[in-house]
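My entries follow in the order in which I looked.

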Amino acid sequence: MKLKNIYTVRILNPDAMSVIPKEKIGKPTWLVLLQKDVSWSAYAVVPDITVTDQFDLDIIFDKDFRSTTEVNIGDIFDIAFDIVDKRLGTQKVEVIGIRMDRPINHLENKDR
């Protein structure tokens, strides 16, 4: 079974997330973690912001990401939510947990 880093993040401005369409909540989606000179594809399940301000983030090329970025609890990253809804734009998230777990992306979860 493949294990990788899964990051639990907290949305710093949950009020901005109130525009998430109800039909997107609970659905898997692609997001983009933005850094000054690079962006990283990520996979997540759209959270219901009326229930929680946190969700798990699966960086697709996590080994490459970790080779260039030190990630610690409390770090803040910009995440582009445009694919969920253009009104969400870019939001700041804080890393509140890191664990080794199965990938969220079902394509990476297939046993080889």
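Entry 1. I note that the model is predicted. I began with the bridges of strand β3, and found that A42 in β3 is the bridge partner of L31.

Entry 2. I then looked up the pairing of β2 and β3 (residues 39-45), which is antiparallel and covers 7 bridges. These two strands form a hairpin, with 4 residues between them.

Entry 3. I turned to the other neighbour of β3. Strand β4 (residues 54-59) runs antiparallel to β3, and 3 bridges join the two. Y43 has D58 in β4 as its bridge partner.

Entry 4. I followed β2 (residues 28-34) to strand β5 (residues 76-80), and recorded 3 bridges in the antiparallel sense. Here L33 has I79 in β5 as its bridge partner.

Entry 5. What do the strands form together? I found a closed barrel of 6 strands in the order β1-β4-β3-β2-β5-β6, with antiparallel pairing. From one strand to the next, the twist averages 45°.

Entry 6. I next searched for aromatic pairs, and the structure holds 5 of them. For Y7 and F65, the ring centres are 6.1 Å apart and the planes stand at 85°; an angle over 60 degrees counts as edge-to-face, so this pair is edge-to-face. Because Y7 belongs to strand β1 (residues 4-11) and F65 to helix α1 (residues 62-68), the pair ties together parts 58 residues apart in sequence.

Entry 7. Are Y7 and F65 buried or exposed? I recorded both Y7 and F65 as buried. Finally, I noted that ring pairs link Y7, F65, W40 and F77 into a cluster.

How values were computed
Residues numbered from 1 in each chain as written. Predicted model: local features only at pLDDT ≥ 70, side-chain atom pairs only at ≥ 80, totals over all residues. Heavy atoms only, no water. Pairing = 2+ DSSP bridges. Axes fitted to C-alpha atoms, helices over the stretch in contact; angles between N-to-C directions. Phe/Tyr/Trp six-rings, centres within 6.5 Å; stacked < 30°, edge-to-face > 60°. Buried < 20%, exposed > 50% of the residue type's maximum accessible area, 1.4 Å probe, protein only.
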